[in-house]
Each structure stands twice: as C-alpha cells, then as structure tokens.
Amino acid sequence: MNIIIIGPAHPLRGGLASFDERLARAFKEAGHNASIYTFSLQYPGFLFPGTTQFSDEPAPTDIDIKVCINSVNPLNWRKVGKELKNLRPDIILIRYWLPFMAPCLGTILRFVKKNKHTRTVCLADNIIPHEHFPMQTQLTNYLVKTVDGFVTMSGAVLQDLKKFTQKPAVQIVHPLYDNFGVQISKLEARKHLQIAENQPWILFFGFIRKYKGLDILLESMHLLQEKGSDIQLIVAGEFYGDRKPYDDTIEKYQLKNVHLHTNFITDSEVKYYLSAADFVIQPYRDATQSGVTPLAYHFEKPMLVTNVGGLPDMVPDGKVGVVTEPTSEAVAIGIEKLYAQGESHYLPYLQIEKQKYSWAKAVESMIVISGISQTN
C-alpha cells in the first residue's frame, strides 16, 4: 500500500520527528511505500518555547520527506489537501498532539476525503492537552470528524478520545526508540560526557516542561543530599518554559548533586546519556504516555515513574523499575530503592518486557484500524 504520514520530521527535531521517521521505516520494512509530509512552518515563534525548531543533523537518506505544510496558512492547507487528494494514497496517518494543529490537519483531510479512496488514521499523542489551549474542545472536534480510525499509546488518551467519538480506536504500546544506536559501556559514555566515572548517576531526560515534574526531582535531590547520599543527577534536555524556578531551587538548596546539560540533545548524543546512567527518573505530575520510557527500554535502563496517566502500565513496579507517588519524599525513597535492589535485579525483567514494544505490531494495528484489508 501507499502510506503517507503527516507530522514532524527532518528538518524539524525532537521526539515526534524521530518517531515519525522510524515509523516510515517500519512501514517500508513491512513491504509498503511510505513517505512523510512535514511542516515548513510548524509553530509561529510565539508558540515555540525552545531555542530552535530545526535540527543540525543531516537529513535521512532512506526516507522520502516533503517539507511543505504551513500550519498557519489556510491557502497552503488547501494546496496540500488537493495534492494529497489527487495522489490517492491508501492511508494517510496524521500525528495529533496539540489543538493548535487541528485547523491545519482537519482542513487538509477534508480535501483528501473527497477522493472517496484514502482512509485516514490519527495517531493521537494527546486528545486533551497537558496545558489548557483556547477552544481546545472545538478544535479537536473539527479534526476528529475527518478521521476514520484512531491509534493511542496510552489508556488515558483512549479514554479521553471516547469523550469525542465512538469511531474505531485501538491502544498500542509505544514502540522502542531503537534508532539512537546501541548501548555503550558506562565508562565510555561517562568519559564522553566528562562526568565522574565512579559515582552513581541518575538521569532526567527530555524537554523540560512543568508537567514533567523536574521541580519534584530537585526537591528529592535536596533530601538525598541532606542524608549524605552521593547519588548524582544529570538533567539532559532543553527548557520549554521559564528556567528560573529550577535555578532558584538549585541555588536555595546549594545542590551540588545536580548537573544541568540543558541544551537540546541531538540524536547522535542520546546514546551517551542513556548509557551513562544507572537509572532513568520520570517524576511527572501528569502524563499520557512517555517517549522516554521506550527509550529507556531500548537501552535496558531501569526506571522510576510516578503513578500518573499511563506511566505505571509501562513500568511494572518492582520488575522494570519503581512506581511512586509524585512527591519529593516518595521519589527520593524510590531512588534509594532502585539502588538498594541494584540494576542486575531489573535487567531480566527489562529484557522480557521490551519484547512487547514492536514496530511491526504497531504498523499492523495502524493498518487494521484504517479498515483496509492488506489483501486489497
């Protein structure tokens, strides 16, 4: 079949772009034609909290990526929609993570549906956003009407979706991020990052937004420092919001055990951070699913997650990590529990559990939910 993904991809950067590119490869591995239509303008500057939306890394050479969608230009939506209508792909799969994208994506799909051939599938990262967005219900309804089937990666999003539609929907597990290279030795990774080689290191990874609870983790590091623990935290990711409250906490408690690597982490650097860590910490206040979890699975790193959203479903407590309440005291105790059990306790469970996180299974689910038989 001919499948087109609409969503972030190179030259855009970040987890969604990495996912979409890996998904296109997975469709090709399954024997389909797959390409990506991505954004020439994804966000206007005032909506983008980071430093730049664009990657410095070379473009993939094995994926057809067309950079052509302007998220704020209705004339562009009409042009792209007509082009895709005339191409008559079997399936168009769109990424939906923010109501801001609904007018653009919903309008494009309205043109596409006029060909009476293309089936439309929405991979919904969020249906209700983590942070309130103006007219979010109306905007999401506008998009939902154009979609034939939905795929979510958490039960929480699936439940949110049921508030909008009873159209076919399926929940899958977030496939492994296996496109960042293989695990290397801790010693090599720590030398590369220029961090102490013989100390215990935990990792907070990814864009820093309020709902991800870094403030909770900083308070936990204060509690551990007060107890004389030598556990060190590396924070790897770009601030998406005001960094001052975090700096103020570090200054208030004179946290010597917190090390900020708060530039954007390029794809080629990811393996060093995950390989250097003993454990990955996700102290989220709110969550649907997390791309950090399948990344930790790929590098076989035990995790601490908080008991919010779909995170506990992805991290069986006591087997591949620890589940705690989203408080600084609980997270501090959870970190100590990880070290008390030791990495070797969790590794066998990680190796078994990660087998569920298959790209082939994700691709099959997306095709099935489209309503198209693969024998067509």
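Hi everyone, let's start with a pair of helices: α7 and α8 run roughly parallel to each other, because their axes cross at roughly 10 degrees and angles under 35 degrees count as roughly parallel. Please keep in mind that what you see above is a predicted model.

To find them, look for α7 at residues 214-226 and α8 at residues 244-253. Their axes come within 10 Å.

So which residues of α7 meet α8? On the α7 side, we have Leu214, Asp215, Leu218, Glu219, His222 and Gln225. Facing them from α8 are Tyr246, Thr249, Ile250 and Tyr253.

Now let's zoom out to the whole chain. Here there are two domains: domain 1 covers 2-175 + 358-370, and domain 2 covers 186-356. Notice that domain 1 is written as two stretches of the chain. Between the domain centres, taken over C-alpha atoms, there are 29 Å. Where the domains touch, domain 1 contributes 21 residues and domain 2 contributes 22 residues.

How much area do domain 1 and domain 2 bury between them? The value is about 1700 Å², with 52% of it on carbon and sulfur atoms.

What about charged pairs? Between domain 1 and domain 2, the count is 1 salt bridge.

Definitions and conventions
Residues numbered from 1 in each chain as written. Predicted model: local features only at pLDDT ≥ 70, side-chain atom pairs only at ≥ 80, totals over all residues. Heavy atoms only, no water. Axes fitted to C-alpha atoms, helices over the stretch in contact; angles between N-to-C directions. Helix = DSSP H or I, 4+ residues; strand = E, 2+ residues; numbered from the N terminus. Parallel < 35°, antiparallel > 145°, perpendicular 65-115°, else oblique. Contact = heavy atoms within 4.5 Å. Domains from an automatic or database assignment. Buried area = accessible area lost by both parts, 1.4 Å probe. Salt bridge = Lys/Arg side-chain N within 4 Å of Asp/Glu carboxyl O.
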